[in-house]
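The sequence and structure come next.

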Amino acid sequence: MTTVAVIGCTHAGTFAATSILRNHPDWTVDVFEKNDTVSFLSCGIALWVGNHVSSTEKMFYTSPQELEKAGAHMHMRHEVNDINVKGKKLEATDLETGKSKQYRFDKLVITTGSSPATPFIQGLREALDNGQAMLCKDYNDGKRIVERTKSIKSVVVVGAGYIGCELAEQLSTRGIKVTLVDALPHVLDNNYDENVTDQAEAAFKDHGVTLAMNQKVVAFRPEFGSDGVESRVTVVTELGEYTADLAVLGAGFVPNTSLVSAQLRTLGYGAIIVDKYMRAATPENDILDDVFAAGDCATVHYNPTNTDEYRPLATNAIREASLIGENIEEPTKEYAGTQATSAIQLYDLSMSSSGMTLDLANRRHIEAEAVTIEENYRPEFMLSTTPVIATIVYERATGRILGAQFAAKHDISMAANLISVAIQAGFTVDQLAGTDMLFQPNFDKPVNFVSSLAMTAAAKRSGELQAGKR
């Protein structure tokens, strides 16, 4: 009888366990999770804060009981504190009783996820301990933020990525004074180029959010009331100070791999490097047939650059982990890679993206070009329509699509999915320009805006090639 130990059970752990049991129903699958819940959709925390969630119970798509019914042995509220990869054993502590026990395994699946980045900043630890600053990652974080924001008038959100922007938006719609701080020049700077980030920043300003971009946080300064009870916190940056009732950190994630990082090959902040079958390797890069990893603790293969990178997204976690059951006995099904496709809604502005921005391509020293168009998404004879701003990034020499971004006061999320498919298939802008797309006035123009974008890029590239021949 083969025994599998699955460490961690949010998205990757849940899908890994179910895929293993589906492919090997006679195996023993031990799942270790330090919390008392599984499968929490943390992407909904901001919506929860903004009172847009019908039921917090529906923010979980499965339960320990459902996984038990599927055949898993659930060790809830058990924290794994030691893993011997080569010796195939681990030690876990029952957090209810305080007792520790050793467990043996034949195969190991590491789905330990990630933790919020908490850089060493003066006063941050004190502010977190006192509740004047909060993290935003799991169910308990969500509960704390929801409860605390019922009685505050102001908040500083540190980090203007997806999490920080969504929190800032939802809090501002509740009449709370919001300051959004980030060390990068623009909101969502890693996901969109300026033509889109300008739209997002304008939306924030229209709703009273103070933007403190290009400002690195250097300190947190707690302030206490005369009775000794904490009252406010000041976030100090290189350029200013921002005082509020609460600070919330949304400054990214780091992989939870400290138990195995010395035993496995890792990248960057400690993400476990996996191959196309989700197998981990030794530090010497010897593939381990009995050790797998997926989700926020592992790398993904990023198709636009054909490199292994750290891109913590729930979609990546699910797609990686779903392959483990098929590959855990023999390597049979390859991971198709990712474009890190994503979207965000800020007020009435929808934004979506897939692949690289032009700024990222330039920082990677890739010879790339970008084209931007702005046009209505459906014909002008319709009683209503609205403009779409669209940008496509492509490799100068080949025309291969590297990424695209869209923004509109209309749902343009599926445009990013279309680009994701094109990137994964290796399309050029010319191929995308010639792709068959529907026309119906309720939905689009005779030339869909994605087609128009690709045609504009193809024409620009053709003109540049012709000019180069002269």
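S39 has a relative accessibility of 0% and therefore counts as buried (buried means under 20% relative accessible area, exposed over 50% and partly exposed in between, with a 1.4 Å probe and protein chains only). The model is predicted: local features need pLDDT of at least 70, side-chain atom pairs count only at pLDDT 80 or more, and totals for chains, interfaces and linings use all residues. Residues are numbered from 1 along each chain as its sequence is written, and side-chain values use heavy atoms, with hydrogens and water left out.

S39 is found in the loop between strand 2 and helix 2; helices (H or I, at least four residues) and strands (E, at least two) are DSSP runs, numbered from the N terminus. Its phi is positive, near 65 degrees, in a residue other than glycine. Most residues other than glycine have a negative phi. M278 lies in the loop between strand 19 (271-272) and strand 20 (279-281), and is buried, with a relative accessible area of 0%.

A positive phi near 60 degrees occurs at Y347, in the hairpin of strand 24 and strand 25, which has two residues between the strands. Strand 24 (residues 342-346) and strand 25 (residues 349-355) run antiparallel and are joined by five bridges; two strands pair if DSSP finds at least two bridges between them. A343 has S352 of strand 25 as its bridge partner. On strand 24, S342, I344 and L346 form the covered face, while A343 and Q345 form the uncovered one.

Helix 1 (residues 11-23) has 13 residues, which at 1.5 Å a residue should span 18 Å, and its end C-alpha atoms are 18 Å apart, in agreement. The expected span is 1.5 Å times one less than the number of residues. Buried residues of helix 1 include H11, G13, T14, S19, I20 and L21. The buried residues of this helix pack against strand 1 (3-7), strand 2 (28-33), helix 3 (64-70), strand 7 (107-110) and helix 8 (314-327).

The largest nonpolar core has 48 residues, and I20, L90, L108, V109, I110, I272 and I324 touch the most other members. A nonpolar core is a set of buried Ala, Val, Leu, Ile, Met, Phe, Trp, Tyr and Cys residues joined through side-chain atoms within 4.5 Å. Helix 1 gives the largest share of this core, five residues. Beyond its neighbours within four places in sequence, I20 is in contact (heavy atoms within 4.5 Å) with residues including V4, V6, W27, V109 and I324. Another core, of 41 residues, lies apart from it, with V155, L167, A203 and F204 among them.

Nine aromatic pairs are counted. Rings of Phe, Tyr and Trp (its six-membered ring) pair if their centres lie within 6.5 Å; planes under 30 degrees apart count as stacked, over 60 as edge-to-face and the rest as tilted. Two of the pairs are listed here.

| Pair | Centre distance | Plane angle | Class |
|---|---|---|---|
| F60 and Y139 | 5.1 Å | 70 degrees | edge-to-face |
| F406 and F449 | 5.9 Å | 70 degrees | edge-to-face |

F406 lies in strand 28 (residues 401-408) and F449 in helix 12 (residues 449-469), so their pair ties together parts 43 residues apart in sequence. F406 is buried at 0% relative accessible area, and F449 is buried at 8%. F60 counts as buried at 19% relative accessibility. Ring pairs link F40, W48, F60 and Y139 into a cluster.
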